[in-house]
Each structure stands twice: as C-alpha cells, then as structure tokens.
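Reader: I would like to learn how to read contacts and pairings in a model. Could you walk me through a case?

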Amino acid sequence: EHKTEMDTKLVKGLVMDHGARHPDMPKKVTDAFILTCNVSLEYEKSEVNSGFFYKSAAEREKLVKAERAFCDDKVQQIIDLKRAVVGDSDKGFVVVNQKGVDPNSLDALAREGIVALRRAKRRNMERIVLACGGTAVNSFDDLKPEHLGHAGLFYEHVLGDDKYSFIEECDNPQSVTILIKGPNKHTITQIKDAVRDGLRAVKNAIDDQKVVPGAGAFEIAIYKALEEYKNEVRGKCRLGVEAFAEAMLIIPKCLAQNAGMMLRNAL
C-alpha cells in the first residue's frame, strides 16, 4: 500500500519482499555482484536421532568448535570469492540464500561489507538468475566468478513494517517486475487485474499472430460484409441478412452516442 496508484512502475529487475537480517549490512550498493545459492549457513540437526558423549569440558569445547568450523568454512569461501572479484574497488557483493544464515555468519559477512538475504523464496531464486545472470549453486566446493550475476543497483526499501529489496539496472534482464502501489487493497487488486488482462491480451496476440480491433470496428466490418452478401441472396432470406446486419450496428451506435457524436456522421 502506498499514497497513490500513480506510483506504480516497471522495475527492470527484481523486487523481493524481504531484506537483510543484520543492522550493519549496507542498505545500498552499486555495481554489485549477485551470488544466488541454496546452501545452509547455520548449524542443523541431523536427520536421524543421534547424540554426542564427552568426558570433559575440553572435549565439549572441541565438539562445539568443530560444529562452528563447518559453517565458518563456507562463509570464508564466500569472503574469499568476494575479495577475488571486488578487490579494493567500491563494487558491492550480495548473497541471496534460499536456506538459513545464522547470526555468527551474518556478523562475518557484515564485517566484509557483504549484503546477505536468507530464506529467499524459490520463485525469487529462479528469477534472480534470469534477471542478473550467473548460476544458482548448491555447494561452495567449486565456487567460481562465473557463477556470479551482476546488477547496477541493489538497495533496501522499508515501507511500514515490511522490508523490500530492489535489484535494478541489470545488464540484460530476462525477468522484470511490475511494482503495483495504491492507497488501499481494493485499488491494488483492480490494478493487478487490469495488468494481468493487458498482459494476457498481448500474449494472445503474439501467440495467435492476429489482432481484433475494438471500438465497434469489428461490428462495422461485419455490417459491410453482410451488406455486400445480401445482394447474392434472394427471397425472404435477404430480409434476415439485413436484420442481422442492422443488429451489428447496435454497439457502434451506443459507443458513438455515449461519446456525444452524431450517429449518422460517426457511422
């Protein structure tokens, strides 16, 4: 919801309905590399029932460090890639992860100036690759700069209690976003329905390779065709053709009358 529906616009990129989860992460970066991944950066419980037994506090500390190192190694791979592609320049680096990122990992990424979004929706993950390029990765074992996408601008926008992340100025976006704004839900629903109808009409025209004009043009074309055809008909059937042709003029007459035009001149 927004002040006016006139703020509705086309974003040549992607708008996601969530933002970064760390207060120290940048709210806006330019000339950014986009890493799309589906890798867990948090400690997860095992899928089977299991337990650990230790004899002393030292063994427990060793176990905790081993668990922490499992996530830290993945985070370090992201940081190493960021340093390799960005270097000392002012370029940004954004990580969009479909799985979770724990607070310790967020701290490490924030210290490097990396923006991290966690638990992104699957449909957004698929669209990021189409909009920014690159490849979605499921493992950091073979992470390369070729896997990264690129966007000219990434920023976070807060509206009420909700955070929105904008990825714009993509080089060759194959997926874009129509950002609908309005003063209330009713207006937003109306605009959404109108946009959907318009896009469907364009799609059908492209698929069928045909366009039917409106404003009564189709009905007048039928009327003219029937007027020519009635000369080939004899007997009472001719009266039926004339009646049907006259009926076709009802819609053009109504449109002309509602527009304040003279019926004879308009037709």
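Reader: Glu126 and Arg122 are 4 residues apart in helix 3; what separates them in terms of the helical turn?

Author: Happy to start there. This is a predicted model, in which local features need pLDDT of at least 70 and side-chain atom pairs count only at pLDDT 80 or more, while totals for chains, interfaces and linings use all residues. Residues are numbered from 1 along each chain as its sequence is written, and side-chain values use heavy atoms, with hydrogens and water left out. Helices (H or I, at least four residues) and strands (E, at least two) are DSSP runs, numbered from the N terminus. Helix 3 covers residues 122–132, and because Glu126 and Arg122 are 4 residues apart in it, about one helical turn separates them.

Reader: What joins the side chains of Glu126 and Arg122?

Author: A salt bridge, with 3.5 Å from N to O. The term stands for a side-chain nitrogen of Lys or Arg within 4 Å of a carboxyl oxygen of Asp or Glu.

Reader: Is Arg122 buried or exposed?

Author: First the scale: buried means under 20% relative accessible area, exposed over 50%, and partly exposed in between, with a 1.4 Å probe and protein chains only. Arg122 has 58% relative accessibility, so this residue counts as exposed. Glu126 is partly exposed because its relative accessible area is 47%.

Reader: How many salt bridges does the structure hold?

Author: The structure holds 10. One of them joins Asp207 to Lys203, with the closest N and O atoms 2.7 Å apart. Both residues lie in helix 4 (residues 185–208), again 4 residues apart, about one turn of the helix. Asp207 is partly exposed at 49% relative accessible area, and Lys203 is partly exposed at 40%. Salt bridges can also share partners: Glu227, Lys230, Arg238 and Glu242 are joined in this way into one network.

Reader: Which residue forms a salt bridge with Lys163?

Author: Glu156 does, and the closest N and O atoms lie 3.9 Å apart. Glu156 counts as buried at 15% relative accessibility, whereas Lys163 is partly exposed at 30%.

Reader: Let's turn to strands. How many bridges pair strand 6 and strand 7?

Author: Two strands pair if DSSP finds at least two bridges between them. Strand 6 (residues 149–159) and strand 7 pair over 8 bridges in the antiparallel sense. Their hairpin has 2 residues between the strands, and Gly160 takes a positive phi near 70° there. Strand 7 also runs antiparallel to strand 2 (residues 14–16), with 3 bridges joining the two; Met16 stands opposite Ser165.

Reader: What is the bridge partner of Tyr155 in strand 7?

Author: Phe166. Now look at the rings: the structure holds 1 aromatic pair. The ring centres of Tyr155 and Phe166 are 4.8 Å apart and the planes are at 5°, so this pair is stacked. The pair links distant parts of the chain, with Tyr155 in strand 6 and Phe166 in strand 7, 11 residues apart. The rule is that rings of Phe, Tyr and Trp (its six-membered ring) pair if their centres lie within 6.5 Å; planes under 30 degrees apart count as stacked, over 60 as edge-to-face and the rest as tilted. Tyr155 counts as buried at 18% relative accessibility, and Phe166 is buried with 5%.

Reader: Which side chain makes a polar contact with that of Glu168?

Author: The side chain of Tyr155, at 2.8 Å. A polar contact is a pair of N or O atoms within 3.5 Å; within protein, one must be able to donate a hydrogen and the other to accept it, and residues adjacent in sequence count only if both atoms are side-chain atoms. Glu168 is found in strand 7 (residues 162–170).
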